[in-house]
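Thanks, everyone. Let me put the structure up, and then I'll talk you through it.

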Amino acid sequence: MGNAILRCFKGESDDTPRRQSSDSAWLIAIFVGNLARDLRNFETSSQVPERLSQHVTLSKKTQAKWYAKILATWKESNLPPRTLEEAAILVICALQDQRDELNLQRFLDYFHLPFLEIEETEGEESDSSSNSWPEGVKFELCTLPVDEKLVGDGDGMTVHINTDDPYECDKIPTTVQRAVRAIHQACADGDCSRADALKKYIIKDKYRIINLPNNEEILARDYRIRLRGIDAPEINMEYGREARDELRKLIQGKPLTIQVYGKDRYRRLVGDVYCNGTFIQEKLLRRGCAWHYEVYDKRPSFAQWQREAQNAHRGLWANPNPVAPWEFKRNEGYKKNVHEPHRNRRNTQKEQQLPIQVY
């Protein structure tokens, strides 16, 4: 049965799509994250959610046994589930010795997981090197809808990741967890000034409270993203603002899927970005909004897309002799304001000295 779990996590199950639609990615992250959060709470407190009894007819003792089995299976798996189908298969495999199919289905319904038929194959060896991601991808992020104001230029932006995502839920610092509890308490007490101060307190750790369209509040993590393999004109260069605006049009208000390869020297995550199945770097190159960054990326398709834009004189290629961004930075010095680090340091000290007490 363990092989069935591994096949699902590697994208080899017929029931598991290779990539979820970006439109529903953030909802999937919430549903799978709810299971991860409940398992984490069970591990620390040995308590199951009170509301679960409204969905299943199991005793509290049996519910606890189910949670223990699912938690053990979760820990044994090489990769945490990223889709509803993967999470469902994990639960079903963990509870394979149970004969209570009705309560199993209700348990899955409680987490909005599908009820699947799992075929068991014996004697099949798993290949741990097999993966549905391209070679070099370290992990994948599913973002919340992008705020256009956080798209700073044509090849980078800041995104928000729901902390209920399985890859995020175990990374929240204790200080942030305490601050979030204090924010909820302050809101319940009607102390808006204290709640606002606490929200500013967690922003310095790259976390923030975000209101979803359904009025639900969630805790999100901020990540700065650099699109891999391209270099767009700087804002103060010719076609810089047009390149940024084109990127905004492609992704504003939409969730993204980002396959992360690593970090750059500015500690931004470098990755390939997809929006509703569209490869964003391809769109930007073909529209003449960016250069192929050949020094760091040798993909032939990128060079081909750039040639298409050049031959059609699209975007920045309308100028017969455009200046490459890396040449611009070298020639102009690309100097940052020398006072900025000192200003940031003063702001950080001010935030750390906020007259608040986090319990």
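Predicted model: local features only at pLDDT ≥ 70, side-chain atom pairs only at ≥ 80, totals over all residues.

The protein has twelve helices and nine strands. It runs to 359 residues, and 48% of them count as buried. How about the surface?

Now the contacts. Take those in the protein with a separation of 6 or more: 71% come from residues 24 or more positions apart.

On to helix packing. Two packed helices are described by the angle between their axes and the distance between the axes.

First pair: α3, residues 60–76, and α4, residues 84–94. Their axes lie 8 Å apart, at an angle of about 120 degrees. Angles from 65 to 115 count as roughly perpendicular, and over 145 as roughly antiparallel. So α3 and α4 are oblique to each other. The crossing of α3 past α4 is right-handed. Which residues of α3 and α4 meet? From α3 we have K69, I70, T73 and W74; from α4, L90, V91 and A94. By class, that contact of α3 with α4 splits into five nonpolar residues, one polar and one charged.

On the α6 side, the contact uses T175, V176, A179, A182, I183, A186 and C187. Facing them in α7 are R194, A195, L198, K199, Y201 and I202. The contact of α6 with α7 has ten nonpolar residues, one polar and two charged.

Last stop: V273. You'll find V273 in strand β7, residues 269–275. Is V273 buried or exposed? Its relative accessibility is 0%, so V273 counts as buried. What is V273 in contact with, leaving aside neighbours within four places in sequence? The list is M157, I225, L227, L256, T257, I258, T278, F279, I280 and Q281. Look at L256 in particular. L256 and V273 are 17 residues apart in sequence, and their C-alpha atoms are 6.8 Å apart in space.

Technical notes
Residues numbered from 1 in each chain as written. Heavy atoms only, no water. Helix = DSSP H or I, 4+ residues; strand = E, 2+ residues; numbered from the N terminus. Buried < 20%, exposed > 50% of the residue type's maximum accessible area, 1.4 Å probe, protein only. Contact = heavy atoms within 4.5 Å. Axes fitted to C-alpha atoms, helices over the stretch in contact; angles between N-to-C directions. Parallel < 35°, antiparallel > 145°, perpendicular 65-115°, else oblique. Left-handed = near helix turned anticlockwise from the far one by under 90°. Nonpolar A, V, L, I, M, F, W, Y, C, P; charged D, E, K, R; others polar.
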